[in-house]
Amino acid sequence: MTPRIPPADTAPTGFRSDFAGDIHVPGDPGYDEARTVFNSMIDRRPAVVAQCTSEADVARALRFARDQDLEIAVRGGGHSVAGMALSEGGLVVDLRRMRAVEVDRDARSARVGGGATMSDLDRATQPYALATTGGRVSTTGVGGFTLGGGSGWLERAFGLACDNLLAADLVTADGDTVHTSAEENPELFWALHGGGGNFGVVTSLTLRLHDLPAMSMALLLLRPENGPEAVRTYRDVMESAPDAAGGACIYITGPPEEWVPEALVGRLVCAVLVTYAGTEAELRDVAAPLLALEREAEMIDAIDYADLQCMLDDPPGMRNYWSAEYLDGFPDEAVAAFCAGAATMPVPSGSQHVLFPMGGAVARGPADYPLPWRSSPWAVHPFGVWENERDDEQAKEWVRRVRASVMPWAGGAVYLNFIGREGQERVVAGFGERAYERLSRVKARYDPDNVFHLNHNVKPAVAVV
């Protein structure tokens, strides 16, 4: 699409006059920075990037875009792996300047701006020894993460992020402001528990907080040939572990850290991560079978949750391609298939071949939310991250091969925040067919023209005459 707005001082003059934030168009000094997202494979040139400071700015930007017939994208953290935070030749509603976090210690809740990242939220709640389920890196946007369901280190203890959503404010495609909660606009509120950004621009979220007086972690590094034993042991530990325990088994490239032996740096290693919403002593007790394994390096300690969130931050400027499968079971044959998938992972690279335990508060959460994957006990997440364009096909093929290898145990549902554009069937699988139909009816009420379609899209239901 060719930008409809000329990149000059005469560009949206009327728009600028009553817009409090910053507007960037092609040719502006800040334009390239404003259109850069974390996945360097995405190189789109919007006609306008509207960096909003308030709900009024968001409403003004939406009305302007619709008047000019510009495709609309919404940017929070910019972590959509498919680049859905940008539109080619359209308008980007950029929320990054709306990132304030207000903590109500007595109510155990936080009001979070639509552009806040996990780091903004975690650093704000940490002084009160409170937390809620966030992602697994600090740079993820809270808004898109929560609206998509929200899977993170604390989910087995506190539920998914959306399970902790108490209220939200959003601006609809018509520029109207809507408040939603369990009592106000409850059907829209239901849709925000996994339905993504299909219904409007969420400018603030109110999230339930939980007491978190202590956090601890154990990270063990093993040679890849010892990976299958470690993964089986981790499976057995987690199947009977308390809800406070979480973590992952992750095949990674050995990092250049002081505590990592030089022989492992730059080579494939199997990492076992145990997170624990409690003390180091409690963690050691739960993880005892893992701590008995032969290993090359370890890091076991108490850690602030906000610091844990930074441990696996995605390196900026890298190329990304992800997918996932949610498994109904994880027998020894599945363990073998998972571990074998590491052999063709791009190494050295930032890629991660991940196994997540589910269960706990995730599985006990509300069954009617559009999150059919919440009942799956395990998730496999091939997370391709690499630097050079020449490696694109190798990395993508590795991700596809991993998915195929665990398909015999897959239930079909998928957490949509973990995948890019994989077709409408996968979108429906991510919500469940019955929930998708219900979401379609909500979509028809709040966005009948499908203005917000740069997402894992729910098409508005067609009225029956």
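Predicted model: local features only at pLDDT ≥ 70, side-chain atom pairs only at ≥ 80, totals over all residues.

Guide: Residues are numbered from 1 along each chain as its sequence is written, and side-chain values use heavy atoms, with hydrogens and water left out.

Visitor: How many helices and strands does the protein chain have?

Guide: Helices (H or I, at least four residues) and strands (E, at least two) are DSSP runs numbered from the N terminus, and the protein chain has 16 helices and 19 strands. Its radius of gyration, taken over C-alpha atoms, is 22 Å, close to the 23 Å that the globule rule (2.2 Å times the number of residues to the power 0.38) gives for 465 residues, so the chain is as compact as a globular protein of that length. Buried residues, meaning those under 20% relative accessible area with a 1.4 Å probe and protein chains only, make up 58% of the 465.

Visitor: In what order do the strands of the open sheet lie?

Guide: Strands of a sheet pair through backbone hydrogen bonds, either parallel or antiparallel. Here, where pairing requires at least two DSSP bridges between two strands, five strands follow the order β5-β6-β10-β8-β9 with antiparallel pairing. Strands β5 (101-104) and β9 (177-181) stand at the edges with a single partner strand each, so one side of each is left without a neighbour in the sheet. Four bridges join β5 to β6 (residues 109-113), and E102 has R111 in β6 as its bridge partner.

Visitor: Which buried residues does helix α12 have, and what covers them?

Guide: In α12 (residues 332-340), the buried residues are A334, V335, A337, F338 and C339. Their cover, judged by contact (heavy atoms within 4.5 Å), includes α8 (227-239), β13 (245-253), β18 (352-357), β19 (378-386) and α14 (392-406).

Visitor: How many disulfides are there, and why is C339 not in a bond?

Guide: A disulfide is a covalent bond between the sulfur atoms of two cysteines. With the criterion of a pair of cysteine sulfur atoms within 2.5 Å, the count is zero. The closest cysteine sulfur to that of C339 belongs to C270 and is 6.3 Å away, too far for a bond. C339 counts as buried because its relative accessibility is 9%, and C52 is also buried, at 0%.

Methods
Buried < 20%, exposed > 50% of the residue type's maximum accessible area, 1.4 Å probe, protein only.
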